[in-house]
Amino acid sequence: MEPRAGVSKQDIREQIWDYMESKNLADFPRPVHHRIPNFKGSYLACQNIRDLEVFARTQELKVDPDKPLEGVRLLALQSKKILLVPTPRLRTGLFNKITPPPGATKDILRKCATSQGVRNYSTPVGLDSKVLVDLVVVGSVAVSEKGWRIGKGEGYADLEYAMMVSMGAVSQGTPVVTIVHDCQVVDIPEALLEDHDLTVDYILTPTRVIITGCERPKPAGIAWSKISYEMMEKIPILRSLRHREEQAGKDVTLRDGPRSPPGAQAAPSTARSPRDPAPPESGSVPSSSVEIGNLPQDVRVSQLKRALSALGVVPSRLTWQGPRHRAFLHYRDPAEAQQAIVCLQGFRLGASTVRVVLARQQRAGDLGGGHTAEPLPDHRPAVAGP
C-alpha cells in the first residue's frame, strides 16, 4: 500500500492503522490506532535481527518497550547482552536495565522481555552511569526504504535518542533498527521530515531485511526550542539535562520562551505552612524525604536553594546540615521525592557531584545538629556549579 499524494504524517498513520485492522494484520493489543502497532508475525520479524552483524557485535542495546519489539528484547537477554528499556513516558528517568534473576529459565527470560517484566526485573540507570549503547531498536507506525520514520505522534523515540546524545550514550554512527510489518514500509515524502526526527538504518519485516543506507543526519541533541514547559513538568529528567547544558553554555531556551517553569519561581521556604508535613520527632524519616550528601565544605544553603529552584524540585521544607556536608529535602508525598531524585541524578554543586538517596533509612536522630532556619546572610555571589 502507498500513501495518497499530499498527505501529512497523521494521514499516513491513520492509513496504516486502518489498513492493518481491516486486513486483520493487527495483533494484541487492539485496536492498534494511536499505538506502535503490534502485528501478526512480529516475532518472526524480530528473529531477523540475528542476521545483522551489528547485533552480533552489540554488547549493550536500547530497545523500546513496544509489544512488537518483545522478540528482540528476548533475543538480547538470551544472548546475555545488556538490555536497556526506556521508562514509560519517561516519567521516572530515561532507562531501566533489565536484570534477570540468577539462573533464569527460558520462561523467566520471556517474562523479563514483556512490559510486566520490564517493571518487575529492572533497575533505574542514572544520568552519570557509564552507558554506551551499541544498537538502538525502535518501533514505528510507518517507515520508508530510505530510512524515513514516522512514530505514533508523541515524539518519545525521537526525544529518547536526543537525550542519549546529550548523555554521550550514542553517536551519529550508532545504528538504529526498526521492526514493522511489510505493509508499514511505504514511501514517505522527505518534506515531512524535521531535524528532530529519528531515521533508521535497518528495517526488519517478517519477509525482508532492508538496509536503508540513510545518510540524513540523526538528531544532534535535544532541540530545546521544541520542548515546552508542560513537557518539562511531565518528564523530570529533562530538567536535569537542561540544567547541565545550561551550565555548559548552550542555548536552552524553550518553546514557551525564557521564563521559569511552574513551581520553580520561589526558593524553598524555611517556614512551615499548615499543609507542610510536621518535622519528624521519632522513628524513621518518612519516605517523602530526600538526603543530599557530599556537599562541598564551602557551599551555602542559598546555593543549594537556587539550584533546586532552577531544577523545579523545590521542597516544602529543607533541613540544612552544612558541617556534615548534607541536607534533607522534605516533600509532601513520596512521588515528589522520587521525582526529585530523578532530577538530581548526576547533579553537581561547586566542584562536587552530590549523592542523592531516599532518606527512608535514616533515623530521626540523624537530623540532630540540623536546622530549618536560614543561616546568617550570605553576601557572596552564590552560583550553582557546573
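Tutor: Helices (H or I, at least four residues) and strands (E, at least two) are taken here as DSSP runs, numbered from the N terminus. The expected span of a helix is 1.5 Å times one less than its number of residues. This is a predicted model, in which local features need pLDDT of at least 70 and side-chain atom pairs count only at pLDDT 80 or more, while totals for chains, interfaces and linings use all residues. Residues are numbered from 1 along each chain as its sequence is written, and side-chain values use heavy atoms, with hydrogens and water left out.

The helix to examine is α7, which covers residues 156-167. Its twelve residues reach 16 Å from the first C-alpha to the last, close to the 16 Å expected at 1.5 Å a residue. Ten of the twelve are buried, so α7 is largely enclosed by the rest of the structure; buried means under 20% relative accessible area, exposed over 50%, and partly exposed in between (1.4 Å probe, protein chains only). Among the buried residues are Tyr156, Asp158, Glu160, Tyr161, Ala162 and Met167. Just after the helix, glycine 168 takes a positive phi of about 80 degrees.

Glu160 also takes part in a network with Lys62 and Asp64, joined by salt bridges that share partners. A salt bridge is a side-chain nitrogen of Lys or Arg within 4 Å of a carboxyl oxygen of Asp or Glu, and by this rule the count comes to 15.

Lys62 and Asp64 lead on to valine 137, which touches both of them. Valine 137 also touches Ile49, Leu61, Val63, Leu69, Val72, Val177 and Ile179, where contact means heavy atoms within 4.5 Å and residues up to four places away in sequence are not counted. Val137 belongs to the largest nonpolar core, which has 46 residues; together with Ile49, Leu61 and Ile179, Val137 touches the most other members. Such a core is a set of buried Ala, Val, Leu, Ile, Met, Phe, Trp, Tyr and Cys residues joined through side-chain atoms within 4.5 Å. Helix α4 (residues 70-78) supplies the largest share of this core, five residues.

Lysine 218 and aspartate 201 meet through their side chains at 3.1 Å, N to O. Lysine 218 lies in the loop between β10 and α8 (229-234) and aspartate 201 in the loop between β8 (176-179) and β9, so the pair ties together parts that are 17 residues apart in sequence. Both lysine 218 and aspartate 201 are buried. Glutamate 145 forms a salt bridge with arginine 208, with the closest N and O atoms 2.9 Å apart. This pair links distant parts of the chain, 63 residues apart: glutamate 145 is in the loop between β6 (142-143) and β7 (149-150), and arginine 208 in the loop between β9 (202-204) and β10 (209-211). Glutamate 145 is partly exposed, at 41% relative accessible area, and arginine 208 is partly exposed at 33%.
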